[in-house]
Amino acid sequence: MGEIKDGYTAPKYGYCVITVDWRLGNSLDYWSALANVRVVGATVGFSAANWKIGAKTLLLGFSLGGQAVGEAARFYSKKTGKKIPQCHGLDPAGPGYDGCSAAITLQAKDCGEVIIVHSNAMFARSVFAASGFGSARQSGKSDYWISG
C-alpha cells in the first residue's frame with residue numbers, strides 16, 4: 001500500500017490518499033467482512049468530506065474494498081452534494097452483491113468517473129464452485145474484462 005500511495009501523491013498527480021488497513025475487520029469469515037463494508041465506506045466518505053479533500057481524492061479498492069469505494073462515494077455525495085472525481089474498483093466483490101440491489105454496489109453514477117477492472121468475475125455458479133469471486137455486473141462508466 002505504501003508504494004501505491006507514494007505513486008498517487010507524487011507531484012505529477014497530487015492526490016490525497018487515505019489508506020485503510022482493515023485486516024482485523026475482514027479477516028473473519030467473508031460474510032462478517034461483508035457486513036463491515038458499509039461502515040468502512042462511510043468512514044472513508046466522512047473523512048474525505050470532513051477534511052475537505054474530496055476534489056483531490058481518487059477512491060480505489062479491491063474486492064470488498066471495491067464495494068466500500070461505492071459506499072464512501074455515496075456517503076461523501078450525501079454529505080457534500082458533490083461527487084468524488086474518480087473511483088476505481090479492482091474486482092469488486094461478487095458474492096453478496098451480484099443479484100441484489102444495485103443501490104449497495106459500486107455504480108457508474110457514484111463518482112465523476114468510475115473505472116472497473118474485472119479479472120476474476122463470477123460468471124457461472126454450480127453446486128461445486130463458482131467461476132470467480134469478482135462481480136460479473138457491468139457497473140462502471142468504463143468496465144475492463146481481463147478474464148471473460
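Residues are numbered from 1 along each chain as its sequence is written, and side-chain values use heavy atoms, with hydrogens and water left out. Because the model is predicted, local features need pLDDT of at least 70 and side-chain atom pairs count only at pLDDT 80 or more, while totals for chains, interfaces and linings use all residues.

**Overall fold**

The protein contains 4 helices and 4 strands, taken as DSSP runs numbered from the N terminus (helices: H or I, at least four residues; strands: E, at least two). Along the sequence these elements follow the pattern α-α-α-β-α-β-β-β. Of the 148 residues, 39% count as buried; buried means under 20% relative accessible area, exposed over 50%, and partly exposed in between, with a 1.4 Å probe and protein chains only.

Strand 1 (residues 58-62) runs parallel to strand 2 (residues 86-90), and 5 bridges join them; two strands pair if DSSP finds at least two bridges between them. Leucine 58 has glutamine 86 of strand 2 as its bridge partner. Between the two strands the chain passes through helix 4, and this β-α-β crossover is right-handed, that is, clockwise from the first strand over the helix to the second when the strands point away from the viewer.

**Aromatic pairs**

Rings of Phe, Tyr and Trp (its six-membered ring) pair if their centres lie within 6.5 Å; planes under 30 degrees apart count as stacked, over 60 as edge-to-face and the rest as tilted. By this rule there are 2 aromatic pairs, listed below.

| Pair | Centre to centre | Angle between planes | Type |
|---|---|---|---|
| Tyrosine 30 and tryptophan 31 | 5.0 Å | 90° | edge-to-face |
| Phenylalanine 46 and phenylalanine 75 | 6.4 Å | 70° | edge-to-face |

The pair of phenylalanine 46, in helix 3 (residues 30-50), and phenylalanine 75, in helix 4 (residues 64-80), links distant parts of the chain, 29 residues apart. Phenylalanine 46 is partly exposed at 38% relative accessible area, and phenylalanine 75 is partly exposed at 30%. In the other pair, tyrosine 30 is partly exposed at 27%, whereas tryptophan 31 is exposed at 52%.

Phenylalanine 62 lies in strand 1 and counts as exposed, at 58% relative accessibility.
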